[in-house]
Amino acid sequence: MRAKMKQNVMVSVLADNVISPLGGTSEENYQAVKEGKSAIRAYAPMTAGIPNGFVASLLSSDFEELAFRSAQKAIDASGINVSSTRTVFILSSTKGAIEKLGQTEDDKLYLGNIAQRIAARLGIQLSPIVVCNACISGLAAMILASRLLVSKKYDYAVVCGADCPNRFIISGFQSLNAMSAFSCQPFDIERQGLNLGEAAATVVLGREITTKSVNNGCRRQVWQIGHGYIKNDAYHISAPSKTAEGLYEALLETMNGIDKRNIAFINAHGTATLFNDQMEAIAIHRAELQDIPVNALKGYVGHTLGAAGIMETILCMKAVDDHTVLGTRGYEEVGVSGRIQLSSKHHSTIKTSFIKQLSGFGGCNATLYAQYVGVKPQEFSDSKTNGGGSANISYSVMKKHRVHITPQGIWLDNKEFIIDKEITQNGLLTALYKQIIGNYPKYYKMDGLCRLGFVASELLLKAERDEGSFTEDTNKTRAIVFFNRSSSIASDKKYLASIVEKDNYFPSPSVFVYTLPNIVTGEIAIRNGYHGETSFYILPHKNELLMQDIIETTFMDEQTTSVLTGWLDYEDSEHFEADLYIAYKQNV
């Protein structure tokens, strides 16, 4: 039986901003979308005279500057002083400033370092967090922020999502044959693929509502977010589940305690790729939500990657404020099985909440519930706490088993793990694979980061099984949460090398997929059949206290009973570290 959530607390949106080719504010972007405008254009570089996909681009933007501008605008409108409060900066991005790889020092491009620089410019004193969870990064960042605020670990969160796709990213999606040569058509029978888009979007969240945040020009309505969940398909690292297992489970948990008659619409991922749209329709139908209108916004500004979850959530809030269900640009005739309500036309609504959903590589899926709160500004004061206070957290976290792997050796539960010297000629990780596994050929397709996480997790799980604490319920209740500082730098360099020569432009799809660090969580989920949360975070440096805060909040999904977690960093074959353990929830 599905347990009812003890914490139904939601956090409030104090301010927001969107910068995209459609405008420099949330309102400008919403009005452009409402007018049916699209910023999608043919990408200039050509192959055999054919455009390499359609994108929406700001043309001259710099990733770091774009994210800073959006975050600063939202902070200015929020009414909070970030330098004198417990404020966390959370950046969501899939590839950050990767287009500069090879033009500057590697560590300047590490997302944790970029986030640190942005936070310092904003006046935020505390260490930032980067969410790098493929296409669901924006929603995952808002879910993390909500958890951190509800648990009173911070007072405010500035959550900014941004990506600036250019040659590196566009060529990668082209290598996967995922790009459309025309403006995309979400859910349509003629859909041919996605368009990419460039944007930055920010929400400022808080447990406190200030008078200024209600009265300012950015947020005239009071919105609260909560009920966010992340689930894995455990099916494939670059294709969605045929049964939509992860998204279906996330939707079910999100809908727990929610009356679907109050939901204005479901804002889908809607990439216009063949399998994604089909999977989303299956998930909605399986969750018995087929009577709720569905829309997708990719036809207006493309798939903005790490910005998508935040940007589209903001546009959905604006639409409900305007009593409107936005139409799906490019949609004409249904091209998915199952009965879902789609329209290319806007229509009116009096309902005051919506569900936002996203799916991404690595088998990850995320859903978020948001609702308008009809409270008059005079009912708030700067000192009054609204948004529900703190969660009823009734558990403790216990660490059990630990594996530590570096080029110097392997230690399991503080004892050195001896490797047969006769099989170490192919490297420490492969020697460990041969000695304790040996029957999972997919290992040899993995990049260095995935190999490191794979063999480390196998050691941990072996210790758990040998102890007899493993149960058959683990596949539904275990999360995977990893941290590092260098993202997927080794695979980034390898992929760049495959596209650097203009006369030898043959990007490798198998390498491109591994330029997303969260793929390692997908590989482990597939291996073990884990359908729980999978998340990947990037920090400026290894920070045990910050990591512990994030791990503790993972258990706010009450279905999660254990987390395979820790530090997992792989720069190259001579510089790597896995420091992993299993965290268990103990109810008190």
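Reader: Let's start with Gly-206: why is it called buried or exposed?

Author: First, a word on ground rules: this is a predicted model, where local features need pLDDT of at least 70, side-chain atom pairs count only at pLDDT 80 or more, and totals for chains, interfaces and linings use all residues. Residues are numbered from 1 along each chain as its sequence is written, and side-chain values use heavy atoms, with hydrogens and water left out. Now the label: buried means under 20% relative accessible area, exposed means over 50%, and partly exposed is in between, using a 1.4 Å probe and protein chains only. Gly-206 has a relative accessible area of 0%, so it is buried.

Reader: Where is Gly-206, and what does it touch?

Author: Gly-206 is found in strand β10, residues 199-206. Strands are DSSP runs of E with at least two residues, helices are runs of H or I with at least four, and both are numbered from the N terminus. Contact means heavy atoms within 4.5 Å. Not counting residues up to four places away in sequence, Gly-206 touches Val-11, Ser-12, Leu-14, Leu-149, Asp-155 and Tyr-156.

Reader: What makes Ser-127 buried or exposed?

Author: Ser-127 has 19% relative accessibility. The cut-off for buried is under 20%, so Ser-127 counts as buried. It sits in the loop between α4 (111-122) and β7 (129-131). Leaving aside neighbours within four places in sequence, Ser-127 is in contact with Val-88, Pro-540, Asn-543 and Leu-546.

Reader: And which labels do His-323 and Asn-414 get?

Author: His-323 is at 49% relative accessibility, so it counts as partly exposed. Asn-414 is at 78%, so it counts as exposed. Each is in a loop: His-323 between α11 (308-321) and β14 (324-325), Asn-414 between β19 (409-412) and β20 (415-416). Phi is positive in His-323, near 55°, and this residue is not a glycine. Asn-414 is another non-glycine with a positive phi, near 70°.

Reader: Why are α6 and α15 called roughly perpendicular?

Author: Two packed helices are described by the angle between their axes and the distance between the axes. Axes are lines fitted to C-alpha atoms, for helices over the stretch in contact, and angles run from 0 to 180 degrees between N-to-C directions. Under 35 degrees counts as roughly parallel, over 145 as roughly antiparallel, 65 to 115 as roughly perpendicular, and the rest as oblique. The axes of α6 (residues 167-175) and α15 (residues 489-499) come within 11 Å and cross at roughly 80°. The two helices are therefore roughly perpendicular to each other. Arg-167, Phe-168, Ser-171 and Gly-172 of α6 meet Asp-492, Tyr-495, Leu-496 and Ile-499 of α15.

Reader: What about α5 and α18: which angle do they pack at?

Author: Helix α5 (residues 137-150) and helix α18 (residues 544-554) pack at about 95°, with axes 10 Å apart. So α5 and α18 are roughly perpendicular to each other. Leu-144, Arg-147 and Leu-148 of α5 make the contact with Asp-549, Ile-550, Thr-553 and Thr-554 of α18.

Reader: What makes something a cavity, and how many are there?

Author: On a 1 Å grid over the protein atoms alone, a cavity is a set of points where a 1.4 Å probe fits but cannot get out; a pocket is an open set with protein on both sides within 12 Å along at least five of seven lines, and lining residues have an atom within 4 Å of a point. The structure holds 4 cavities of 30 Å³ or more. Grid points are joined across faces, edges and corners, and a volume is the space filled by probe spheres set on the points.

Reader: Which residues lie nearest the centre of the largest pocket?

Author: Ser-238, Pro-240, Thr-273, Asn-276 and Phe-361, out of 29 lining residues. The largest share of that lining, 4 residues, comes from α9.
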